Amino acid sequence: MQTADELMQRLEMLNAIGIALSSERDIGRLVELILLASKNLVNADAGTLYLVDGDQLHFEIVRTDSLGIAMGGSTGRRPPMPPIPLHHPDGTPNTSTVVGCAALLGETINIADAYTAVGFDFSGTKRFDETNGYRSKSFLTVPLRNHENEIIGVLQLINAMNPAREIEDFSAEDQRLVESLASQAAIALTNRQLINQLEILFESLINLINTAIDDKSPYTGGHCERVPALTMLLAEAVNRVNWGPFKTFHMTEKDRYELKIAGLLHDCGKITTPVHVVDKSTKLETIADRIALIDTRFEVLKRDAEIARLKGELADADHATLCERYNSDREFLRRVNVGGEFMRPEDQQRVHAIAAYSWIDEHGRAAPFLSADEVENLTIARGTLTAAERQIINHHIEVTIRLLEALPWPKHLKNVPEYAGGHHERMDGKGYPRGLTREQMSVQARMMGIADIFEALTARDRPYKPGKTLSESLTILARMARDRHIDLELFEVFLRERVYGEYAQMFLEPQQIDAVDTEALLKLARD
C-alpha cells in the first residue's frame, strides 16, 4: 500500500508528464515519451505502445529494460514485429490477444500472471520468454481513446517491479494512474496528429496553387520549387556560421517552418499574371510569335520587286540587290527577335530603318512595314519584355502581398507576408513594390531576394535564355552586392559556406558547375 507522500509524488510526476506531453511536437518523440513516462510512473520493466492504422495495431515503440531491448522512437530502429489484425478474415473480432481485446472493447485489462491467465493467447509471449530467458508475468493493457471516443492506440506495460526488483502485480492505484496518463497521452497524440494533418493540408493547398501556376507556365513552376529550397539552404548556412554579423543569428524549428511557407508562397501572385507575358520567349510573341507575319511581308516586298522587274520598272541588278537586302533584313529581325542581355543602339536604329519600308497591306493600301508596337518590341534592349509587360510581371509581387496580408496568419506564421513580399526589394531602397531599404527588411526577406535572383540566373527552363554557369551567376550577384541590390553580408555567407554548391548538386546540369573564385568575387562585391 502506498503512503500519502508516495501517492503525492506520483501525482506530481503525472502532472509533469502531462505538461511535457502537451509541449512535444514530434510524433515519434511523443510516442516514446508516453511509453517511457508510463513505465517510470509504475516502475514497469517493459512496455509496448501500439497505434491503430486501419484495422491493425502497429508496434510503434518497444522497451524491455532488463534485456536492453529498445526499438522505435529515438533509436531509429523500427520494431520488426508484424502488425496485429483487429479482425479475422471472416470479419469476426480478434479478441485472442490482450491488446486486440483492449482496443476492440475499449477497456483496461489487468493480468496478474500471463502463464495462468485464461481467455487470451500468450503463445508468442511464451516463445519470447523462452528465447530470451525472460519471464513476462504481470500485464497492464490500457486503450488510448481520443476526443471522439475512438481508440487510436494501446499502451501495454509488463512486469511491475518493487524496490527489490521483484515482479509484482499492477495495483489498482497503478491502473488508475496509467489510465489517467493514457487519457492525457491520447489527447496530446490526437492534437499533434491533427496539427500535423492540418499542416500537411495547408502545404498541399500551397502546392495546389503552385501546381496551378505550373499548369499555366512550366517555367514558373520550377521556380516555385527551387527558390524555397535555395532559401532554406542559405538560411541553414546563416544559422550555423560562427563568424561575422550573423554569428548570433539563430532559427528555431518554428522559424524554419515559417520561412519554408514564405518560400513556397513567394510567387503566389503569379496566378493572376497572363501566360503570354510569363512565357514570352521572343520579343514579338503574344499568343503566337508574330515574326511569321513579318516573314510574309518580306515575301510581299520580294513579290512586288519581281513584278517591277518583269514590267521593266526595275533593273535586274537592282532587283538582286533589293532581294539580298530584304533577305538580310529578315534574318536580322529573326535574330534580334530572340532577345538577349543587351541590344546595341545601332541595331535598334536598323529596326527603325526597316520599319520605314512601305508595303501594300491586305486592304491594298501603302502601310509602314512595322507597326509601332512591333518596333517597340523589336528594340527591347534587354530580354523580351516591354516596359508595360515588365510592369505586368512586377505586379505579381503586389498581388502576392495583397493575398498574403488578407489571410489570418497564426502567431508562428505572422511574418510570412513580409518574408514572401520582400524578395524584389533592394538594399538601397530602389526595389519594388515598397522601396524598402536593407534596414527595413528582415534577414529572411533578404535571403529570399538572393535565392530568387540566383535561381533565375541559373535556371535551365526559361524560354528566353539558357541557364548560366556558377561563375557567371555569382559574378552577376557580386556586382549586385557592390551596387547594394542584394545584401553583401548574406552574399559572403552564400559564397564562403558554398551554398551555391549544395544547390548546384541538386538542380544544375554538370556543364553549369564550374570553378568559383570566392576571394575574387568578394573583392568585386566590396569594390
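Q: Why is Arg297 called buried?
A: Arg297 has a relative accessible area of 12%, and buried means under 20% (exposed is over 50%, partly exposed in between, with a 1.4 Å probe and protein chains only). Arg297 is therefore buried.

Q: What should I know about the model and its numbering?
A: This is a predicted model, where local features need pLDDT of at least 70 and side-chain atom pairs count only at pLDDT 80 or more, while totals for chains, interfaces and linings use all residues. Residues are numbered from 1 along each chain as its sequence is written, and side-chain values use heavy atoms, with hydrogens and water left out.

Q: What makes a residue a contact of Arg297, and which residues are in contact with Arg297?
A: Contact means heavy atoms within 4.5 Å. Setting aside neighbours within four places in sequence, Arg297 is in contact with Trp359, Phe369, Leu370 and Glu374.

Q: In which helix does Arg297 lie, and what makes a run a helix?
A: Arg297 lies in helix 9. Helices are DSSP runs of H or I with at least four residues, strands are runs of E with at least two, and both are numbered from the N terminus. The protein has 19 helices and ten strands.

Q: Why is Lys302 called buried?
A: Lys302 is also found in helix 9, which covers residues 291-310. Its relative accessible area is 19%, so Lys302 falls under the 20% cut-off and counts as buried.

Q: Which residues does Lys302 touch?
A: Not counting residues up to four places away in sequence, Lys302 touches Cys323, Tyr326, Asn327 and Arg330.

Q: Why is the pair of Tyr50 and Phe59 called tilted?
A: Rings of Phe, Tyr and Trp (its six-membered ring) pair if their centres lie within 6.5 Å; planes under 30 degrees apart count as stacked, over 60 as edge-to-face and the rest as tilted. By this rule the count comes to 13 aromatic pairs. For Tyr50 and Phe59 the centres are 4.7 Å apart and the planes are at 55 degrees, so the pair is tilted. Both Tyr50 and Phe59 are buried.

Q: Which residues form one aromatic cluster?
A: Phe454, Phe494, Tyr500, Tyr503 and Phe507 do.

Q: How do you know how the protein compares with a compact globule?
A: The radius of gyration is taken over C-alpha atoms, and the globule rule is 2.2 Å times the number of residues to the power 0.38. For 527 residues a compact globule would have a value near 24 Å, but the protein has 35 Å. Along its principal axes, the C-alpha trace spans about 125 × 60 × 45 Å.
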